[in-house]
Amino acid sequence: MQLPCLHIPPPKTPPPPLYLKFRTSHRENLRYLKAIGIIHPNTNPRNLPSPQTANYLISTVNFLKSKGIHDTDFPRLTFLCPQLFSSNFSTSEIEPVFDFLTTDLNATAQESRGLIVHCPYILFSDVEYCLKPTVEYLKGLGVEKLNEPSKQKAFLLNTRVDKLKAKIKFLRSIGLRYEEAAMVCARMPAIFGYNVEDNLRPKYEFLVGEMERSLEELKEFPQYFGFSLHKRIEPRHWHLKHRNVRIKLNRMLLGGDDRFYSKWK
């Protein structure tokens, strides 16, 4: 007896093993981490992070991007703060800093990004013992726009109070009252980045010694401290002195060399 012919469909192609998809995802992660500078493109394959580590790095990247960090920022962050991208790092360590920038400093995401990119070390500053005391002290002096995403403000935020006080102490030592010293710092916050003995004191001694200027002129134009002693202050002073010319500090120091030397021939 002949059996009826049954149509048996060909077997379907089995789905690829899950590990293939996982391996592809791992390759994509590595490619992305290389593209943004966290992994060096020429890293020996045997030294590449494991899938678990790569996933961990990606989670750190995603956290930072959620706070406003751009892909183009990661090479700088990796170079200056490689600990951000180590396998034993947790984003919970730096989350309080982002909260501080938003709440205490009223910084927008873009401003926070600018401050952090300029000075990534801020991320590892203790909020309660370092950042908050610094901001309170600076505000007390009258320093404004601390959320401004500039290099100066970023490094200022990461400066400890004792170093800030050292500049006030120097200004008091040359005859300024505390209120006057605070005003100088508020008008020229860059002064906090200058070394007292190598920068501020030589400029002051040249001002009152060789230039025979008064403290009142310094209070009127504290930006004097921001100019190079050897490249700007001394050459222009000697140039004017040889011509028996005496003008205010701001007129002497502001403006380019071409304009200055053509005016005072």
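**Helices side by side**

I began with helix 10 (residues 196-210) and helix 12 (residues 229-241), whose axes come within 11 Å and cross at roughly 5°. Helices here are DSSP runs (H or I, at least four residues), numbered from the N terminus. For the axes, lines are fitted to C-alpha atoms over the stretch in contact, and angles run from 0 to 180 degrees between N-to-C directions. Helix 10 and helix 12 are therefore roughly parallel to each other; angles under 35 degrees count as that, over 145 as roughly antiparallel, 65 to 115 as roughly perpendicular and the rest as oblique.

Next I listed who touches whom, with contact meaning heavy atoms within 4.5 Å. Helix 10 brings Pro 202, Lys 203, Phe 206 and Glu 210, while helix 12 brings Leu 229, Ile 233, Glu 234, His 237, Trp 238 and Lys 241. I sorted this contact into five nonpolar, one polar and four charged residues. In that scheme Ala, Val, Leu, Ile, Met, Phe, Trp, Tyr, Cys and Pro are nonpolar, Asp, Glu, Lys and Arg are charged, and the others, Gly among them, are polar.

I reminded myself that this is a predicted model: local features need pLDDT of at least 70, side-chain atom pairs count only at pLDDT 80 or more, and totals for chains, interfaces and linings use all residues. Residues are numbered from 1 along each chain as its sequence is written, and side-chain values use heavy atoms, with hydrogens and water left out.

**A second pair**

I then turned to helix 6 (residues 127-141) and helix 8, which pack at an angle of about 25° with axes 9 Å apart. That makes helix 6 roughly parallel to helix 8. Pro 133, Thr 134, Tyr 137, Leu 138 and Leu 141 of helix 6 meet Val 161, Leu 164, Lys 165 and Ile 168 of helix 8. By class, I noted seven nonpolar, one polar and one charged residues in this contact.

**Paired charges**

How many salt bridges does a search of the whole structure find? I got 13, each a side-chain nitrogen of Lys or Arg within 4 Å of a carboxyl oxygen of Asp or Glu. In one of them, Asp 73 pairs with Arg 113, with the closest N and O atoms 2.7 Å apart. Asp 73 lies in the loop between helix 2 (51-66) and helix 3 (74-80) and Arg 113 in helix 5 (residues 109-118), so the pair ties together parts that are 40 residues apart in sequence.

Terms used
Helix = DSSP H or I, 4+ residues; strand = E, 2+ residues; numbered from the N terminus.
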